[in-house]
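Subject: Handover of the structure and notes on it

Dear colleague,

I am handing over the structure below, and after it you will find my notes on what was found. Please read them with the structure open beside you.

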Number of protein chains: 2
Amino acid sequence: MNVDIGNALATVASPGVSRDSLERLDEQVADAHARIERGMANAEHGYEALNLPERVDPDEILTAVEPIADAETMITVGIGGSSLGAATITNALDSDTEAVFLDNVDPEWVSYHLDRVSFENAAINVVSRSGTTAETLANFLVVRDAFESAGVDWTERTIVTTGESGPLCDLADRHDLPSLTVPDGVPGRFSALSAVGMVAAAVCGHDLEALLEGAAAEADTLSESLFDCPAYAYGATTYALDGRGAGVNAMMPYAESLETVAEWFAQLWAESLGKDDLGQTPVRALGATDQHSQLQLYRAGPRDKLVTFVTPRNGGDRPIPDTDVEELAYLGDSTLGTLLEAEFEATEASLAAAGRPNVRVEIDRVDEYELGGLLYGLEAACVLAGELYGVNTFEQPAVEWAKKATRGLLGGGEFAETAAVAEKTELRIER
Amino acid sequence: MNVDIGNALATVASPGVSRDSLERLDEQVADAHARIERGMANAEHGYEALNLPERVDPDEILTAVEPIADAETMITVGIGGSSLGAATITNALDSDTEAVFLDNVDPEWVSYHLDRVSFENAAINVVSRSGTTAETLANFLVVRDAFESAGVDWTERTIVTTGESGPLCDLADRHDLPSLTVPDGVPGRFSALSAVGMVAAAVCGHDLEALLEGAAAEADTLSESLFDCPAYAYGATTYALDGRGAGVNAMMPYAESLETVAEWFAQLWAESLGKDDLGQTPVRALGATDQHSQLQLYRAGPRDKLVTFVTPRNGGDRPIPDTDVEELAYLGDSTLGTLLEAEFEATEASLAAAGRPNVRVEIDRVDEYELGGLLYGLEAACVLAGELYGVNTFEQPAVEWAKKATRGLLGGGEFAETAAVAEKTELRIER
């Protein structure tokens with residue numbers, strides 16, 4: 001990926017970061033890079049994620065999915081990091097295989113999906129490191145039962161992606177299911193470029209090697225100066241802007257195929273940096289659509305936002321047919337691609353003209369290689385930002401409270417958290 | 001809708017609002033309500049939106065859609081307020097008719113959709129008040145051409161929703177197309193309960209009368225005290241919390257069917273209140289999925305957030321099959337609906353336990369009546385908040401700059417804004 005931080009400079013925007021400040025910050029970047037390199041070299045928890053391009057063997061994934069490679073519908077049962085990376089990749093790329101993600105436990109929605117599945121042509125990928133994630137395991141029990149009810153042996157159509165031990169691991173052993181390992185030391189939100197993110201991509205026929213090669217090329221850019229490394233330039237700029245008031249980071253790809261990148265980024269950013277009362281709030285947006293929804297706020301609301309554009313430089317196109325309507329004649333000479341590009345440039349400039357900071361992240365096109373680079377680059381940016389904030393980038397302790405309370409509410413044990421649920425303070429205004 | 005603001009009180013959360021402060025604020029609410037009532041009585045621009053339940057005639061819409069009521073695919077061509085209201089309604093409710101929304105000009109994505117359409121069984125609803133919205137008109141030119149190429153006379157399959165004059169109005173006259181009027185004085189983001197939002201719903205077989213009745217029942221609750229009116233309670237609480245530091249409002253429905261409500265709300269909130277450097281930043285979230293993505297940040301990140309839950313009290317359900325895996329046995333006694341409800345209560349309590357403000361918006365179930373009430377209630381909340389902020393709720397001037405620049409880039413005129421695009425400040429870091 002390439003990054004252009006020109007519109008985040010203090011000469012353009014407020015909040016903005018001066019060139020001088022960036023140069024001072026670059027000394028911290030050098031230290032952080034040394035820490036990151038050490039973490040990678042020692043395969044430390046979390047830092048290990050940045051080693052994935054060289055650790056992951058695409059052939060292992062391809063072999064594991066062989067029994068289900070004919071699937072016309074690939075049902076991934078997982079939530080959070082066990083779903084978003086895979087969804088980001090399969091939603092970005094074309095395939096004749098449909099990828100379905102059961103990442104919620106809404107009963108009507110689960111039934112809606114299962115009612116449409118042709119089970120004999122479908123396969124399951126159940127993903128949970130611990131093998132005990134309530135939402136994932138509940139859905140898995142529902143889905144395998146639906147296969148059985150349709151007269152399809154789920155054990156022939158299931159692949160398991162889980163940790164080295166736990167209920168899912170046992171299940172795979174018991175039923176001799178193909179299984180892949182969630183790599184040790186790699187938090188879910190950093191696992192897109194491992195089996196966690198790539199099983200669905202493999203079944204959908206995407207080029208895993210190219211994904212990893214793109215990521216490896218991005219890894220090669222990691223270096224001690226933000227001025228030499230797009231990922232660090234992005235991470236350092238977001239950190240600097242947050243410190244200057246831009247507590248919100250709106251991720252706005254200009255391509256429908258990259259819509260899920262914004263969602264994946266939102267998890268990456270929120271869970272990694274949102275701790276100790278710190279962290280930018282990621283906002284998911286989409287160009288050009290959100291020009292007619294969010295742009296008013298981005299341009300004229302509080303000066304608390306950075307807008308990050310992600311834009312592919314090349315893509316398909318479609319001509320706009322001519323029209324004899326005079327007011328619209330200018331469109332008839334053009335194409336949808338040209339219009340979308342013009343909308344992007346106009347929006348970027350409109351924010352700059354209003355002194356609102358924004359950053360452009362460019363990729364050449366939406367393919368496996370570029371996508372691998374983009375995901376890796378944003379992950380490295382996040383790790384750098386975590387170093388600069390001084391937070392523990394790779395944990396998510398605040399999620400535990402609700403997990404325990406939920407388990408208790410369902411009769412799965414006694415927890416103090418469950419009791420707290422009943423003590424809710426109410427002030428109800430009813431219709 | 002019912003609203004519970006207990007977890008936004010200063011006794012629970014920080015930032016939070018004290019009961020005393022709410023009572024003082026209630027005097028401003030009374031004044032604001034008087035202003036709103038006057039605006040409604042005089043059919044003033046914007047305020048007129050709150051009159052829609054009594055102004056809109058569902059039979060007029062049903063008559064207009066009659067020629068295309070057999071459509072199996074309803075393609076709405078519109079963007080922003082010309083699309084989101086309709087999408088919110090059709091995505092929330094079940095239908096055998098597929099509703100497609102072309103609300104972006106991404107060429108590959110438009111082609112993807114058009115490649116799948118059976119044109120003889122499809123219909124077009126083109127929506128633009130001015131009749132000149134670049135994205136909408138470009139897509140309309142593309143879509144009608146695709147109908148022609150498929151040998152289907154688009155003039156037999158198109159309905160137009162537009163203002164009293166303009167190119168789309170002329171087009172409807174020229175080809176004798178059924179057409180409906182974007183109501184005067186109702187900004188796009190407030191038009192869900194007019195023809196703008198209800199044409200697709202009508203073709204999908206939804207009950208327009210029930211939508212309007214639900215909205216009318218909500219309208220009946222508007223009164224001079226926030227303690228008597230759920231909509232005002234919500235609007236006043238968000239305003240008070242924003243003033244106390246909660247500049248972000250994360251809208252988190254606990255139902256997949258309501259996911260688009262969060263998107264619709266994001267436009268409503270952003271375009272209405274995002275001006276004069278004011279306005280909360282709306283964030284779209286989804287329960288339970290985002291517990292595994294955003295909850296870490298909401299619970300442990302900066303104290304700058306309000307989380308708004310939207311939860312239906314009744315819905316379908318699906319049992320979780322039994323399992324002999326000991327760690328998961330507690331799930332086997334339960335249902336997906338019970339699990340989802342427990343996740344919601346646990347998440348709400350987990351935020352309260354961390355002193356993070358949150359508000360619960362409840363509806364009885366997801367049906368037309370309740371949805372009409374929810375949309376109306378949130379609109380009224382927004383209008384009230386606009387009064388309290390003292391902004392011009394019903395304009396969106398900051399969007400114009402980019403529109404002009406885009407038009408200029410495409411050769412549709414000479415604009416100073418276009419020249420500014422070329423002057424971009426660059427600081428590129430390349431791979």
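Predicted model: local features only at pLDDT ≥ 70, side-chain atom pairs only at ≥ 80, totals over all residues.

Ala288(B) sits in the loop between β8 (281-284) and α12 (295-300) of chain B. As background, most peptide bonds are trans, and most residues other than glycine have a negative phi.

Asp276(A), although not a glycine, has a positive phi of about 55°; its place is the loop between α11 and β8 (281-284) of chain A, and because its relative accessibility is 56%, Asp276(A) counts as exposed. In chain B, Asp176(B) likewise has a positive phi, near 55°, and is found in the loop between α7 (167-175) and β6 (179-181); with a relative accessibility of 69%, Asp176(B) counts as exposed.

Turning to how the two chains are arranged, chain B can be laid on chain A by a turn of 180° and a shift of 0.0 Å along the axis, with an RMSD of 0.0 Å, and the two copies are therefore related as by a two-fold rotation axis. The same surface serves both copies, since 100% of the contact residues of chain B recur in chain A. Which residue of chain B comes closest to the rotation axis? That residue is Val283(B), whose C-alpha is at 3.0 Å from the axis.

Two of the residues I looked at have contacts that reach across to the other chain. Glu271(A), in helix α11 (residues 259-273) of chain A, has a relative accessibility of 5% and therefore counts as buried. Leaving aside residues up to four places away in sequence, Glu271(A) touches Arg189(A), Thr393(A), Glu395(A), Gln396(A) and Val399(A) in chain A, together with Gln291(B), His292(B), Ser293(B) and Gln296(B) in chain B. Lys305(B), which lies in strand β9 (residues 305-312) of chain B, is also buried, at 4% relative accessibility. With the same exclusion of residues up to four places away in sequence, Lys305(B) touches Thr281(A) from chain A, as well as Ala246(B), Val248(B), Leu297(B), Tyr298(B) and Pro357(B). Lys305(B) and Arg365(B), which are 60 residues apart in sequence, are 27 Å apart in space, C-alpha to C-alpha.

For Thr76(A), in strand β2 (residues 73-77) of chain A, the relative accessible area is 1%, so Thr76(A) is buried. Not counting residues up to four places away in sequence, Thr76(A) touches Ser82(A), Val100(A), Phe101(A), Leu102(A), Asn125(A), Val127(A) and Ala200(A).

The crossing is right-handed, and the contact is made by Ala210(A), Leu211(A), Glu213(A), Gly214(A), Ala215(A), Ala217(A), Glu218(A) and Ala219(A) on the α9(A) side and by Glu368(A), Tyr369(A), Leu371(A), Gly372(A), Gly373(A), Tyr376(A) and Gly377(A) on the α15(A) side. By class, these contact residues comprise eight nonpolar, four polar and three charged.

In chain B, helix α9 (residues 208-219) packs with helix α3 (residues 58-65) at an angle of about 155°, the axes being 9 Å apart, and α3(B) is therefore roughly antiparallel to α9(B). This crossing, too, is right-handed. Here Pro58(B), Ile61(B) and Leu62(B) of α3(B) meet Leu208(B), Glu209(B) and Leu212(B) of α9(B), a contact with five nonpolar residues, one charged residue and no polar ones.

Definitions and conventions: Residues numbered from 1 in each chain as written. Chains lettered and ligands numbered in written order. Heavy atoms only, no water. Left-handed = near helix turned anticlockwise from the far one by under 90°. Helix = DSSP H or I, 4+ residues; strand = E, 2+ residues; numbered from the N terminus. Contact = heavy atoms within 4.5 Å. Nonpolar A, V, L, I, M, F, W, Y, C, P; charged D, E, K, R; others polar. Least-squares fit on C-alpha atoms with pLDDT ≥ 70 in both. Buried < 20%, exposed > 50% of the residue type's maximum accessible area, 1.4 Å probe, protein only. Axes fitted to C-alpha atoms, helices over the stretch in contact; angles between N-to-C directions. Parallel < 35°, antiparallel > 145°, perpendicular 65-115°, else oblique.
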